[in-house]
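Thanks for coming, everyone. Let me put the model on the screen, and then we'll walk through it.

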Amino acid sequence: MQSTASPLRPAILIISETAFKDPTTDKAGNILRETLKAEGSDKWTEPWIEIVPDDATRIQNAVRKWTDDDHNNANLIITTGGTGFAVKDITPEAIAPLIHRPAPGLIHAMLAASLEITPFGAMSRPVAGVRGKALILTLPGSPKGAKENLQAVLKMLPHACLQAAGADSRTMHAGGVKKLEEDAGVSTRSEKVSIAPPHHHHDHHHGHGHKIPQAHTRPEDRPPRSNDPTLGATQRHRSSPYPMLSVLEAVSIIVERAPAAVPASLPLSPALANHVIASDIHALEAVPAYRASIVDGYAVKVPDNASQKHIGIKGTFPVAAVSHAQASGMPPPLAEGTIARITTGAPLPANANAVVMVEDTALVSTTANGFEEATIEILTDAIEAGENVREPGSDIQLNSLILPKGTFITSLGGEIGVLAAAGIRTLPVFTKPRIGVLSTGDEVTDISDPIPLSGGQIRDSNRPSLLSLLQGWNLCSAVIDLGIARDTPPGSLETALRSSLATHNVDIIVTTGGVSMGELDLLKPTIERGMGGTIHFGRVSMKPGKPTTFASVPIKDTVSGDRREKLIFGLPGNPASAIVTANLFVLPALQRMVGLGGKRGPERVMVRLEGRVKCDKARVEYHRVVVSCGRDGGLLAASTGMQRSSRVGSLAYANALLVLPQREGWLEKGEKCEALMMGPVIGFGST
Ligand SMILES: Nc1nc2c(c(=O)[nH]1)N[C@H]1C(S)=C(S)[C@@H](COP(=O)(O)OP(=O)(O)OC[C@H]3O[C@@H](n4cnc5c(N)ncnc54)[C@H](O)[C@@H]3O)O[C@H]1N2
Ligand code: MOO
Ligand SMILES: [Mg+2]
C-alpha cells in the first residue's frame with residue numbers, strides 16, 4: 001500500500017532521435033529531475049529515465065512498462081519531446097490512445113503558463129491523462145519549455161497522482177485539499193490516505209461503493225466476467241461465464257445496441273449509390289417541363305374534337321418553323337395552314353397538338369439553294385390530337401413523391417436518374433459508418449510476408465476475406481485494414497484497439513480470434529478490464545461461431561469531447577466461423593446504421609437440397625452451400641463439402657448458408673431447407 005508518507009515514483013521519457021543516438025546530448029532529463037527534486041525527496045523518489053526515438057511503438061512500449069505492471073508502476077510519467085508540428089513529432093499520437101481518462105485541465109494549465117512567457121507556447125500539442133494508476137503528461141522538447149510546463153502543474157501533481165493511484169477522494173478532500181490550496185503544496189497531514197489494493201486497474205464497475213452490488217440489471221452495470229489475465233492460466237475460467245444465446249436473441253441485442261441511422265444532406269452524385277434516402281423526396285421540377293415531341297417529324301394542328309377525329313390532315317403544307325431539342329427559346333406558334341419540323345424531345349409550338357413522324361411524309365419542294373424543306377406532304381390520316389406528344393409532368397409530376405424515405409439507392413442507376421431528372425441537387429441520405437478489421441494472434445502472419453511459415457505460424461486469411469466481404473456490402477463509408485494485433489506483450493491488443501479507434505476513427509471494429517477459452521484469448525478481458533467496455537454477449541448457440549462476442553466501448557471524441565459508443569464484434573478465429581458470423585451479426589448492425597432497419601441480415605429463401613447433409617444435435621448449423629437456379633425455376637443447394645470451421649475451403653464458391661435445424665440425423669437429398677443468401681444466386685444447378 002502507498003500513502004502520502006511514502007514518496008511518489010516518477011518516470012521521465014525523453015523522446016528524441018539525437019538523444020537516443022547520443023545520450024550525452026540530452027539536457028531535458030536532468031533539468032526535469034532537478035525540478036522534481038526541488039519539490040522535496042519526501043514527495044518524489046529518484047525518477048526512472050529512459051530515452052527513445054520518435055517511434056510510436058517504442059514510446060508506447062516504454063509508457064506501458066511503467067503503467068501496466070503493478071509491481072513496476074510509476075505514479076507520474078512525463079515525456080519530453082515530439083509534441084510540435086514537425087512531421088516526425090508523434091508523441092501526442094502515440095500517447096493519446098493509451099490514455100484511459102484525459103486530463104484537459106492540466107493541458108490548459110501548461111499552455112496558459114507557456115503563453116504567459118511566449119506566444120510560441122501555442123506551438124506545443126500536449127496530452128495529459130491517467131492510464132491505470134499513473135498520470136501521464138507530455139512536455140515540449142526544449143529543456144526550458146519542459147521545465148516551465150512542469151512547474152506550471154507541479155504543485156497539483158502529488159494530489160493528482162494519489163487520486164489516480166486509487167486514494168479515496170473523500171478522505172483526501174476532508175483534510176488534504178484545503179491545505180493543498182493554502183500552500184499550493186502537497187498535503188502534509190499526518191493521517192494516512194487509504195489507497196485501493198493493487199488488483200486490476202479498472203474498478204469503475206464496482207470500485208466506488210455507490211452501486212448496489214447485486215443490482216446488475218444492465219450489462220454495463222455488471223462486474224467483468226472475463227478472465228483476469230494477470231492472474232495466470234491457473235485462474236482462468238474452466239467453463240464459460242457467458243450465457244449461451246440463440247442467434248435470434250443475439251441479433252436482437254445487436255439491433256438494439258447499434259446506433260440509429262444518422263441523416264445528412266449530400267450533393268446528388270453517383271457516389272450516393274448504396275445509400276438509403278432519409279426522407280420522402282418530391283419532384284422539384286416536372287418532367288418534361290414543356291410539351292415535348294416523342295418523335296422526329298412535324299408538329300401539326302389536328303382537329304381535336306372527338307367527332308372530327310377522323311377528318312385527317314393528309315395534304316401538302318409549308319414547313320414554316322423548326323424546333324430542335326436545344327436550350328434556347330421556344331418555337332413560335334404555327335400560322336394557320338403551316339407545320340413545323342421538330343426533333344425528338346423538342347418543345348412543340350404552343351398551338352400544335354400532335355407530331356407526324358418523318359416516315360409518314362414526303363418532300364415536295366425545297367428552298368432555292370436546295371438545302372431547306374419548303375413544303376412537305378403528310379401521307380397519313382391516322383394521326384390524333386395528342387399523338388407523339390409528352391404533356392408537361394407526364395413522366396414526373398411537379399411536387400409528386402418520387403422516392404419515399406427508406407428507398408435504397410441502387411448502383412443500377414434508376415433511382416439516381418429519377419432524382420437527377422426531377423431537379424434534386426442535394427439529398428437527405430443516411431450516413432454510413434466507418435468499419436475496421438483487425439486480426440489477432442501471435443501466430444498470424446500477413447499475406448505479404450515473404451518469409452516461409454515456421455513453427456505454429458499461419459497465414460492471415462480472415463482479414464483479406466472479411467475486408468472483401470465488407471467492401472462488397474457497400475454499407476460503410478470506409479472499410480479499413482487495421483492489421484494484426486499481437487497477444488504478447490500484455491497490453492498489445494488494448495493498444496491496437498485504442499489506436500484503431502483514435503487514429504482511424506472507426507465506429508465498428510471487427511476482430512477475429514482470441515474469443516474462446518484459451519489463456520491467450522484476450523479480447524473479452526481487454527474490452528472489459530482494459531477499456532471499461534461492456535460485453536453484451538460472449539457465446540451463441542450456433543455452429544460455427546459459438547464464441548462470437550459483441551461489445552461496446554465508451555470513447556471520448558477528441559474533437560467534440562462527446563462520449564460515443566463504439567462497437568466491437570469479436571468474431572472467432574476459425575475462418576468459416578468468422579465469415580458466417582460476419583453475415584449473421586455484423587450485417588444486421590450495418591443495416592440498422594445505414595437506415596435499412598427492416599432487415600436483419602442476409603435474405604432468407606427456401607432451397608431444395610442437391611445431396612444429403614448432416615445436422616448437429618447441439619447447435620443450429622450454418623452449412624456453406626452453392627445456391628443455383630434449377631431448370632424448374634426453383635432454387636437448389638449443393639454443399640461445399642467438409643464443414644469443419646477451420647476449413648477455409650468450405651467458403652470457396654459458397655453464396656449461401658443452409659440453416660440446418662438443431663437435431664440428430666440428416667436432411668435428405670430433395671428435402672427443402674431454409675438458406676441465407678450471402679450473394680446472388682448463380683446460373684443453373686445440376687438437376
Ligand atoms: N476449450 C474450448 N476450446 C475451444 C472452444 C470452446 O468452447 N472450448 N471453442 C472452439 C470454437 S467453437 C472456436 S470457433 C474457436 C475460436 O477460437 P478463438 O476465436 O479463440 O481464436 P484463436 O484461438 O485465436 O484461433 C482459433 C483458430 O483460428 C486461427 N486463426 C486465428 N486468426 C486467424 C486469421 N486471421 N486467419 C486465419 N486463421 C486464423 C488460429 O490460428 C486457430 O487455428 O475456439 C475453439 N476452442
Ligand atoms: O463455433 Mo466454432 O466456430 O464451431 O468452430
Ligand atoms: Mg482461442
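**Sheet, helix, ligands**

Start with the open sheet: 6 strands, mixed pairing, in the order β2-β1-β3-β6-β5-β4. Strands here are DSSP E runs of at least two residues, helices are H or I runs of at least four, and both are numbered from the N terminus. Two strands pair if DSSP finds at least two bridges between them. At the edges stand β2 (48-52) and β4 (101-102), each with a single partner strand, so one side of each has no neighbour in the sheet. Strands β5 (residues 128-131) and β6 (residues 134-139) run antiparallel, joined by 4 bridges. Val-130 has Leu-135 in β6 as its bridge partner.

A word on provenance. This is a predicted model: local features need pLDDT of at least 70, side-chain atom pairs count only at pLDDT 80 or more, and totals for chains, interfaces and linings use all residues. Residues are numbered from 1 along each chain as its sequence is written, while chains are lettered from A and ligands numbered from 1 in the order in which they are written.

Now the overall picture. The protein has 14 helices and 35 strands. Of its 687 residues, 40% count as buried. Buried means 20 or more other C-beta atoms within 10 Å of the residue's own; exposed means 12 or fewer; partly exposed is in between; C-beta atoms are placed from the backbone. Domain bounds come from an automatic or database domain assignment. Among the domains are domain 1 (10-183) and domain 4 (292-390). Their centres, taken over C-alpha atoms, are 86 Å apart.

Next, helix α9, residues 247-257. Which residues of α9 are buried? Val-247, Ala-250, Val-251 and Ile-254. Down the axis of α9, the buried residues fall within an arc of 95°, so they line one face of the helix. That arc is taken over directions from the helix axis to the C-beta atoms. On the face turned away, Leu-248 and Glu-256 are exposed.

Last, the ligands. A residue is near a molecule if its C-beta atom, placed from the backbone, lies within 6 Å of it. Ligand 1 is surrounded by 27 residues, the closest being Asn-462, Gly-513, Ser-516, Pro-572 and Gly-573. Two or more shell residues come from each of α11 (462-473) and α14. Ligand 2 has around it Lys-543, Pro-544, Gly-545, Lys-546, Pro-572, Asn-574, Ser-577 and Ser-645.
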